There are 2 protein chains.
Amino acid sequence: MTTRVITLKELAASLDLSITTVSRALAGHEQIAQKTRERVAQAARQAGYVPNTAARTLVSGRSGFVGLVLPIRGPNLVDSFLGEFVTGLGEGLVSHGADLILATAALGHSELSVLRHVVESGRADGVVVTRIAETDERLAYLRERGFPFVAHGRLLDSDFGYNWLDTDGAHAFGEAFDMLYDLGHRHFGLVTISEPMTFRHLRQDGLAAAIARRGDPSVRLDVVTAPRFDQKARIEAVNRMLQGSDRPTAIVALFDELALTVMEEAARAGLSVPRDLSVIGFDNIAASAYAPPGLTTFDASIRQCAREIADMLLRVIGDRPAVPLTRLIQPTLVARASHGPAPRTRN
Amino acid sequence: MTTRVITLKELAASLDLSITTVSRALAGHEQIAQKTRERVAQAARQAGYVPNTAARTLVSGRSGFVGLVLPIRGPNLVDSFLGEFVTGLGEGLVSHGADLILATAALGHSELSVLRHVVESGRADGVVVTRIAETDERLAYLRERGFPFVAHGRLLDSDFGYNWLDTDGAHAFGEAFDMLYDLGHRHFGLVTISEPMTFRHLRQDGLAAAIARRGDPSVRLDVVTAPRFDQKARIEAVNRMLQGSDRPTAIVALFDELALTVMEEAARAGLSVPRDLSVIGFDNIAASAYAPPGLTTFDASIRQCAREIADMLLRVIGDRPAVPLTRLIQPTLVARASHGPAPRTRN
DNA sequence: AGTGAAATTTAAAACGTTTGCAATTTTGTG
DNA sequence: CACAAAATTGCAAACGTTTTAAATTTCACT
């Protein structure tokens, strides 16, 4: 037991070759004789030689890792996409022989400081930054450092270019409005969050733009804001919108979790979805398929996005392209049963 | 832009000290004068010095990483616990300054070969192994290598000791039986999987043991087996159990996803849960709370388990304890609305 | 056999740390 | 003020790889 790991020196000695030759042979350099390359490859395979990552990283300056910083939010809060996201990243990375580093920012510790540490310790060749905030110091830092990164999400405006991939929430929310409008709805509700993430603006603006495009002055939009991670406050906010006879007939939620709360509270208030109230979400989380009557939402295909982000990042690391790579993904409508014609009684 | 990263040599030069002294000062060695230690710490902080991981790993033999190998199963299959699991691992690791490496085993590539690579490249100081199979070559390999690891789950029998943490599925399934028996159920169904994972035996055996303990010959147990990742076959299997008038009055599913399928198919067959049929799952995934009427299940608290696994692994890495660390976690019953008294009409 | 070019191999430096051991400085004591 | 002991600091090797520049071998051709 406790078998030692074989090193390049030992492998070279066993082949009666120099370290240099073996290293080059394994790297497939043309200058090493074909015969030697095969002999070395064979011996390496048989000896189960695996190059030491630290040594390789040290000399080459490339770690073969991509970093992702994971914030801890609280005892009961887990990023609902994390599983899909890291799976997608892993898929994208593995085809290029790269792996993922997950660094955790402990509760109360700045995500930025962890990011700095990952970057400056040379652990990663590039990083993925998610959940872009309105003023995001992480992007500014990475930009200043000239460190390869891809953002999942966008800034609202920026005086510099950067690589990003985003889901077109603006478009989706416009589509949701159009669909609901055509179903006769005129009084809309939007449940949004107070956390200063850029996507809340992109989606809300997309909704507002669609309303403006329609140019129907009878359209009304009520907006209610809830803290993202406070379930109780979220329920209160939703009920604020649901109470009173002058409530919206269609509610669009910034994301599925909020939409599910809307459906739960609607049920509790004796409202039938979609007869009395249409509800549309965004993200298509697993629970949305199960929550009665089945939430109509948009599928953001996180896993696919993550895979593309990995591809983009590896390209950025490899080629350092002069122009930023950007990609806007169109989410697809998943029409379940939570939306329908506007109730006849009112309007 | 493209700011260079400061190195120990530069930091030492700026302080007019040797590399050795600075290194020791930062490591807090007693032999360095208190005054010097402070001066160095101050300068390091101000210069934003972060030690290079590769260099440190190379010389110390410790990477400060813990590895987890992630299998890719197919386009639409993501480990439902992955998010919670890596969050928990991250939480457990961060307090000790360690980070997580997620290595992906591409579709068609052996998980073992990726594990070997992680281990032998020196990327990680220890690994977490999940989803233990009946004959698991990964454990044998790690054991032979003498490499620190903690298994999430257990082997059924083994001729060697190893560190593991498991959720006591056997106990939970016994508890489920007892509860259902006391509600008058006598005809039981178990939906299990064909994938050769050890937990299917542990849980099924727990159920069988509880039945035996009760010693009531009128108790019947039907078992149906479905492939884990084939939704269509799974539905067929469930329907095999549901069809016919002589169906069970209470079905226990190996895990929530199966239980949800049971509830869906029951609804499709016009059966009311829990009036006509009681269903109990295991895991308490998010969707279980939403699926009507609310699935009764056991909460495995994956995140908490992962955190403990991280703690255990770090202890194994640090102390190399002589006796294996083992931990059996009791899942807690989440009593929702999918179980109830046995229907009167039959029995 | 001798030559030069091409093909193949190697020695040695470098990457940025940690650490055993030695060197230097400071301190305490007579 | 000398001297040993204690405290503090520094030199140099080592970790396992990649890579530059140089050395060696092979080969075709005269």
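**Ground rules.** I am working from a predicted model, where local features need pLDDT of at least 70, side-chain atom pairs count only at pLDDT 80 or more, and totals for chains, interfaces and linings use all residues. Residues are numbered from 1 along each chain as its sequence is written, chains are lettered from A and ligands numbered from 1 in the order written, and side-chain values use heavy atoms, without hydrogens and water.

**Sheet.** I found an open sheet of 12 strands with mixed pairing, in the order β11(A)-β5(A)-β4(A)-β3(A)-β1(A)-β2(A)-β2(B)-β1(B)-β3(B)-β4(B)-β5(B)-β11(B). Strands here are DSSP E runs of at least two residues, numbered from the N terminus, and two of them pair if DSSP finds at least two bridges between them. At the edges I noted β11 (326–329) of chain A and β11 (326–329) of chain B, each pairing on one side only. I then checked β4 (149–152) and β5 (164–167) of chain B: they run parallel, joined by 2 bridges. B:A151 sits opposite B:W164 there.

**DNA strand D.** Sugar and phosphate make up 57% of the DNA strand D atoms within 4 Å of the protein.

**Phosphate contacts.** I looked at polar contacts, meaning pairs of N or O atoms within 3.5 Å. A polar side-chain atom of A:S23 is 2.5 Å from a phosphate oxygen of DNA strand D.

Technical notes
Helix = DSSP H or I, 4+ residues; strand = E, 2+ residues; numbered from the N terminus. Near = heavy atom within 4 Å. Polar contact = N/O pair within 3.5 Å; in protein donor to acceptor, adjacent residues only side chain to side chain.
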